[in-house]
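I opened a new model today and kept notes as I went. The entries follow the order in which I looked things up.

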Amino acid sequence: MSEIKSAKQSPRYEHDKFIWFEGDTFAISLDITLTDLDTNENIILTDHDEIIVSFYQSNILVHKFVFDSFEDGNKVILNFNDKITKKFPAGIYNYTITYKGVNTTTIVANNIVEVEKCLQ
């Protein structure tokens, strides 16, 4: 008897994009590293700062995660629960990450997400 081929890990980062199967629930932890260009020191996020992770399809906002408190340093956790993952049918999306503090800074611009169809 031959072995059944398993699915690729979901979610995963592959070929410069985040990929997951439609309907999957998961959490992605992102460590945000920001550097002050004047002092060359790392910026520690405070309760006065925001990290915004926005997902778009065809330039239309699908979902936005907004973080205004931070634990374990500069870490944010994107929780794709049942309610949120339903917003992402199979297709191609873009995401941006923005820092709002003393200034507004785009950290990631128009990176790609692919949600793969999985018949269930």
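Is Phe 26 buried or exposed? I looked up its relative accessible area and found 10%, so Phe 26 is buried. Buried means under 20% relative accessible area, exposed over 50%, and partly exposed in between, with a 1.4 Å probe and protein chains only.

A note on the source. This is a predicted model, where local features need pLDDT of at least 70, side-chain atom pairs count only at pLDDT 80 or more, and totals for chains, interfaces and linings use all residues. Residues are numbered from 1 along each chain as its sequence is written, and side-chain values use heavy atoms, with hydrogens and water left out.

Next I checked strand 3, residues 26-31. Strands are DSSP runs (E, at least two residues), numbered from the N terminus. Phe 26, Ile 28 and Leu 30 point to one face and are buried.

Strand 3 pairs with strand 6 (residues 75-80) in the antiparallel sense, over six bridges. Two strands pair if DSSP finds at least two bridges between them. Which residue of strand 6 is the bridge partner of Phe 26? I found Phe 80. Phe 80 is buried too, with a relative accessible area of 1%.

I then searched the whole structure for aromatic pairs and got 14. Rings of Phe, Tyr and Trp (its six-membered ring) pair if their centres lie within 6.5 Å; planes under 30 degrees apart count as stacked, over 60 as edge-to-face and the rest as tilted. Phe 26 and Phe 80 are stacked, at 4.7 Å centre to centre and 20° between the planes. Phe 26 lies in strand 3 and Phe 80 in strand 6, so the pair ties together parts 54 residues apart in sequence. Both belong to one aromatic cluster, which also includes Tyr 13, Phe 18 and Trp 20.

Tyr 13 stands opposite Phe 18 in strand 2. Strand 1 and strand 2 (residues 17-21) pair in the antiparallel sense over three bridges.

Last, I looked at Arg 12, found in strand 1. Arg 12 counts as buried, at 10% relative accessibility. Its side chain makes polar contacts with the side chains of Glu 14, at 3.4 Å, and Glu 116, at 3.2 Å. A polar contact is a pair of N or O atoms within 3.5 Å; within protein, one must be able to donate a hydrogen and the other to accept it, and residues adjacent in sequence count only if both atoms are side-chain atoms.

Conventions:
Helices (H or I, at least four residues) and strands (E, at least two) are DSSP runs, numbered from the N terminus.
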